[in-house]
Amino acid sequence: MTQLAYVANRGSDNVSVIDVDPASPTFNTEVGLFSVTGMTPLGIAVTPDTTRAYVTNNTSGDVSVIDTNPGSPTFNTEIQLIPLLGVGTGPTGIVISLDGNRAYIANQMSNNLSVIDTNPASPTFNTMTGTIGLKGMGPSVLMITPDGTRIYVPNNASNDVSVIDINPASPNFNTEIDLINVTGTGPLDVAFTPDGNRADVTMLNSNRVSVIDTNPTSATYNTEINSILLTGNTPIEIQITPDGTRGYIPNLFSPDASVIDTNPASPNFNMEIFKVTLSGSGHAGIAITPDGTRAYVTNALSDNVSVIDTNPASPTFNTEIALIEVSGTFLAGVAIIFFPAPTLPPTPAPLPTAAPLPTDCIRVQKVYDWVVAANRDRNKIPIPDDCLPLVDAAIRAGQNITIQCVEPIVPLTFPLIPKSQPTQSVDFSCTIIGIRRENIIVNGNVVPVGMVRFLFGATLLIRIFANGTLLCEFPATIQFDDEIVLCLPEPLDESNILCRITAVDCMPNNTVLFGGMVELEVIICKEIQVEAEVKLEVLAKFCQPRPIIPVPTPTPSFICPPITFPPQCPDLFPPTPSPTTPPTIPPTIPPTIRPCSIPDCRWNEDPNNPVYNPPAPQKAFYQTVRYDMLGFAPFGPFTFYKMWYDFASAGGIAQAISPDGINWTFQANMTGLSPAARHSRVLFDRNGFGVGTPYKIWYWDSTFTTVDPGMPAVLQMMRTASSVDGINWIGDTVLIQDTSAPLVTTPGNFDGASTGPGEVLFNPSGSMIIDTVNPFKNRFVMYYNINDGFVERLAFAVSADGVTWRRSGPPIVLNVGSMGDWDQNKATIHVSVLRLAQNDFRMWYSGGVQESHEGIGCAFSTDGLNWTKFSGNPIFSIFDGVAWRNGGPPARTYTPWVLFDPLRFSGYGDDICFKFWMSGSPASNPDDLNIGYATNPNG
C-alpha cells in the first residue's frame with residue numbers, strides 16, 4: 001500500500017486508515033484504526049515528507065502526532081500529544097508550512113492561531129511556540145497559499161477571512177495582515193487555485209461560495225470578487241482539483257456534493273455545474289488524490305466514506321463509485337498520503353570514534369518528570385473599605401468606571417531553585433497541599449504515580465478609574481488549586497518537587513458587581529518538575545516537557561444499573577422518518593384523548609423532588625426540556641424527553657434524557673460551544689428550520705455581559721449554534737444586533753447589559769425578512785434579559801434567521817415589581833412562554849429582591865408584549881418550606897420551564913397536558929442545584 005487516507009473520527013476519538021491505492025488488493029477498504037489520547041479529533045495535516053500527521057483534538061484542546069512513516073516501528077500510532085497550554089481552545093483546522101517546519105492551528109473558541117514547531121532538528125520540536133491573535137471570531141479551517149507565504153483563515157462567527165503572513169523573511173512574519181469581508185454567513189473552509197490567484201470559501205449558513213482575489217499584483221487583491229450560489233444544503237469543506245478546473249464541495253444536509261467550475265477560460269466559470277449524488281449522510285470533509293482522479297468524502301452521520309470519480313476521462317466521471325464503511329463514528333477531516341517510492345539508503349560514512357568518557361563521576365539533579373500546565377478561572381475580589389465609597393459616589397454621579405489589572409513581573413527563576421533557598425516570593429506562591437499514590441494505566445501498562453495537589457497564588461494590583469481618573473488601587477491575591485499526575489517513585493516525596501509560575505494574565509470585568517466586588521479572569525501558567533540527586537556519566541540532548549496525564553476519575557463502589565426497555569417491534573413502530581421528510585402528525589386531537597383545560601398559575605409539586613440529581617460534580621440548573629412523540633429519531637439518542645442544563649457556574653451545558661419526564665439519566669456534555677456557555681434555550685424542528693439542522697441553541701457566553709463599544713453590532717454575550725443530534729454543535733456564532741434598534745445599549749443604562757436569552761419561539765411560516773410591524777409574524781422571537789448591573793428586567797426582539805436580531809415592542813416587556821414586592825429588583829432570567837391561542841400568552845419567570853433565584857412568578861398577556869402579573873405571585877418561593885429548595889437566601893427556587901402537548905404526551909409520563917420543571921437548592925448547600933417537577937391541576 002503506497003497510498004493511504006487518514007480519517008479523524010470525532011465521535012469515537014480515533015483515526016481510521018483507508019487503503020486508496022488502486023493497485024492494492026485492499027483498495028478502498030479500512031485497513032487500520034488507532035486511538036488518540038485527545039478528545040474529539042477533527043482536522044488532519046501531513047508533513048511534506050509524509051512521515052507524520054498532526055490531528056487537532058477539539059474538546060481536549062491539544063494536537064496528536066501520528067507516525068505515518070511505513071518504515072517506522074511505531075507506524076500508524078500516536079507518538080505524542082502536544083498541549084496548547086490553555087491558550088488555544090477549540091482547535092479545528094490545521095496546516096503545515098511548505099518547508100515542514102511549522103504547524104498552524106485555528107482555535108475556534110479563543111479566536112487565535114497556535115504555532116507548533118514541527119522541525120525535527122529544532123530543540124523545541126513538537127511544542128507550541130507561539131500564538132497569533134485574530135480580529136475575526138470563530139476561526140475554522142485554514143489553508144496556505146501555493147507559494148507558502150500566507151494563510152487564509154475563514155472566521156465562522158464574524159463572517160470574514162483573516163490573512164496571516166507566514167513568510168519568515170517578512171517583517172510581518174506570523175501576524176494578521178488583512179481582514180476580508182465576504183458575502184453570506186458562516187465562512188468555513190477555503191481552497192486555492194493552483195496558480196494562487198483565487199481562493200474559494202464555503203459559506204456554511206448561506207449555501208454560497210465566496211471567491212477572493214489572492215493575486216498580490218491584482219488591483220482587487222484580497223477582496224471578494226464573486227459569490228457563487230449553490231443548490232446544495234450547508235456546504236462544508238472544499239477541494240480544488242490539481243489541474244485547477246473544478247471545485248468539489250460536500251453538502252452536509254443534502255445527499256450530494258456540489259461541483260463548481262474554477263477554470264477562467266470556461267463559459268461556466270465560477271458557477272455550480274453539477275451535483276454528485278452521494279449515498280451516505282452528513283457529508284463533511286473531503287480530500288482529492290494528488291493525481292486528481294478520486295475524491296474521498298467523509299459522511300459524519302452514516303460513519304462511512306463516499307468515493308467520487310473525478311477523472312474527466314473516465315466513463316464514471318462525477319459519480320460515486322464506492323462507499324467505504326469505517327469503524328469510527330461521527331467522521332470529520334480526511335487527509336491522503338501518496339508515499340514516495342522506497343529508495344535504498346546511501347552507504348553511511350564511518351562514524352568517528354568517540355573519545356572515551358572520563359573516569360570522573362559527576363553529581364547532578366536527574367529530572368524524573370516535567371510538565372507545563374495552565375489554570376483559568378474567575379475570581380470575585382472585594383473592593384477595600386477605603387476605596388468602596390469613592391467608587392459608589394462615582395457610580396451615583398454617572399461616571400464611567402473602568403478597572404485595570406496589573407500583573408506582576410514573573411522572575412525568571414521563581415521558584416525553580418534548590419530547596420535550600422526560599423520557594424516563595426512576595427507576588428507568587430506555589431504550595432503542595434497533598435500527595436496520594438495511585439496505580440494508573442499508561443500506554444497499556446500499570447504505572448505507579450503521585451497525585452500531587454498544588455495551591456498556586458499570585459498577587460495582582462487592581463486600579464479603578466472614574467472617567468479616566470484614578471480613584472484608588474489595591475493589591476488582590478488570587479489562588480488556584482490543581483491536582484497533577486507526576487512520576488514520583490518512592491522514596492521521592494514533596495522535597496523532590498519543584499515548580500515555577502511562568503506567566504500570569506489578568507482580564508478584569510469593567511463592571512462593579514453587587515456587594516462591592518470586581519470580577520477578574522486570571523490565567524496562571526506553571527511548570528512543575530520532579531528531580532533527585534544522582535551520580536552519572538552521560539551523553540545528553542535537550543528534552544521537552546511531556547503532555548499532562550488526566551487525573552483518572554475514581555471508580556465508585558456502587559454503580560447504578562443501566563435503564564433498559566423492552567425491545568420494540570421495528571417493522572411496526574416507530575416508522576423511521578427521513579431526515580428531510582417530516583413525519584405525519586395527526587392534525588386534530590383523537591377522540592380518545594381527553595381535551596385540555598386552560599391552565600392557571602397553580603402547580604402541584606412532585607413530592608419526590610428533586611427528580612434529577614446530576615452525577616457529581618455537576619450541578620443542574622437553567623434547564624430547557626423538549627418532548628417528541630417519535631423519540632427524536634433519527635436525530636440523536638432515542639428518548640421521549642431531552643433536557644439541556646447548566647452543569648457548572650463557570651460554564652458548560654449537558655444533556656439528560658428521560659422516558660417520562662420524571663426519571664432522568666445523564667447523556668453527554670455538549671461539544672462545539674463556548675467553554676463559558678450558560679442559560680441555554682434549545683429548539684427542535686423536524687423540518688430542520690428550513691436549513692437542515694433539527695436542533696438550534698441560543699445561550700449566554702458568560703465571559704461577557706456588555707457590548708464592546710468598538711463592535712456595537714456584535715452581541716458578544718449571546719451566541720447560537722446548530723446540531724443534528726442535540727449534542728455536537730456546529731456553526732457556533734455570536735448574535736448580531738441591528739444598531740438602529742439595539743437589544744443591548746451602553747453599560748450603565750437600564751438595558752446596558754444582558755445575561756442572555758430567556759425564551760426563543762419559532763414560527764415556521766414566519767417572514768424571511770424582519771417584520772417590524774407584526775412581531776409574531778417573524779420566524780424567531782426572543783425574550784431576553786436586560787439589566788444595569790443589578791436591576792434585571794425582560795425585553796423582546798425579533799429575527800428572520802436566528803442570528804441577526806432587532807429589538808421590538810416596548811423597551812421593557814416585563815418590569816420589576818413595586819417597592820416591597822417579592823420581585824422588586826428582579827423579574828427576568830430564563831422565562832418560559834406558551835402561546836395557547838391567538839390572543840392568549842402565558843409566562844413563568846424568575847425573580848426576587850436581592851437575587852433572581854428567590855422565587856417564580858406567573859403572568860398573562862393578549863399580545864405577548866404587555867403582561868399582567870398573577871396576583872398570587874410568587875407561585876413557588878425559597879420560603880415554601882420544601883426541603884430541597886428551602887431556607888431563604890441563599891436558597892434557590894427559579895428557572896421555570898413549561899411544556900404543553902394537546903395529546904397529553906401520548907402516555908409517555910403523566911397523562912396531563914401541561915408539565916413544569918424548575919431548579920433549586922437549599923440554603924444549607926446552595927451549590928447543590930437539582931431539577932424538580934410539577935403538574936397543573938387543570939392540565
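The chat below goes through some strands, a sheet and a few single residues.

Me: Before we start, what kind of model is this?
Reply: It is a predicted model.

Me: OK. Strand 13 first. How many of its residues are buried?
Reply: Six of the six, covering residues 150–155. So strand 13 is largely enclosed by the rest of the structure.

Me: Which residues sit on which side of strand 13?
Reply: R150, Y152 and P154 are on one side. I151, V153 and N155 are on the other. Both faces are covered, and these residues are all buried.

Me: How many bridges join strand 12 to strand 13?
Reply: Two. Strand 12 is residues 143–144, and the two strands run antiparallel.

Me: Which residue in strand 13 is the bridge partner of M143?
Reply: Y152. That is one of the buried residues on the R150 and P154 side.

Me: What about the turn between strand 12 and strand 13?
Reply: The two strands form a hairpin with five residues between them. In the turn, G148 has a positive phi of about 75 degrees.

Me: And strand 14, over how many bridges does it pair with strand 13?
Reply: Six, in the antiparallel sense. Strand 14 covers residues 160–165.

Me: Which residue of strand 14 is the bridge partner of N155?
Reply: D160.

Me: Which residue takes a positive phi in that hairpin?
Reply: N159, near 60 degrees. The hairpin of strand 13 and strand 14 has four residues between the strands.

Me: Switching topic. What is the strand order in the open sheet of four strands?
Reply: The order is 8-9-10-11, with antiparallel pairing.

Me: Which strands stand at the edges?
Reply: Strand 8 (91–96) and strand 11 (128–133). Each has a single partner strand, so one side of each is left without a neighbour in the sheet.

Me: What does the twist average?
Reply: From one strand to the next, the twist averages 25 degrees.

Me: Now single residues. Where is N299?
Reply: In strand 25, residues 294–299.

Me: Is N299 buried or exposed?
Reply: Buried. Its relative accessible area is 0%.

Me: Which side chain does the side chain of N299 make a polar contact with?
Reply: That of S306, at 3.0 Å.

Me: What else does N299 touch, leaving out residues up to four places away in sequence?
Reply: On that count, its contacts include G280, S281, G282 and H283. N304, V305, L323 and L331 are also among them.

Me: S799 next. Which strand, and buried or exposed?
Reply: S799 lies in strand 47, residues 792–799. It is buried, with a relative accessible area of 0%.

Me: What does the side chain of S799 reach?
Reply: The backbone nitrogen of G802, at 2.7 Å. Not counting residues up to four places away in sequence, S799 touches I770, N778, R779, F780, T804 and W805.

Me: Last one. Where is Q850 found?
Reply: In the loop between strand 50 (840–848) and strand 51 (855–861). Q850 is partly exposed, with a relative accessible area of 37%.

Me: What separates the C-alpha atoms of Q850 and P889?
Reply: 8.8 Å. The two residues are 39 residues apart along the chain.

Technical notes:
Residues numbered from 1 in each chain as written. Predicted model: local features only at pLDDT ≥ 70, side-chain atom pairs only at ≥ 80, totals over all residues. Heavy atoms only, no water. Buried < 20%, exposed > 50% of the residue type's maximum accessible area, 1.4 Å probe, protein only. Pairing = 2+ DSSP bridges. Polar contact = N/O pair within 3.5 Å; in protein donor to acceptor, adjacent residues only side chain to side chain. Contact = heavy atoms within 4.5 Å. Axes fitted to C-alpha atoms, helices over the stretch in contact; angles between N-to-C directions.
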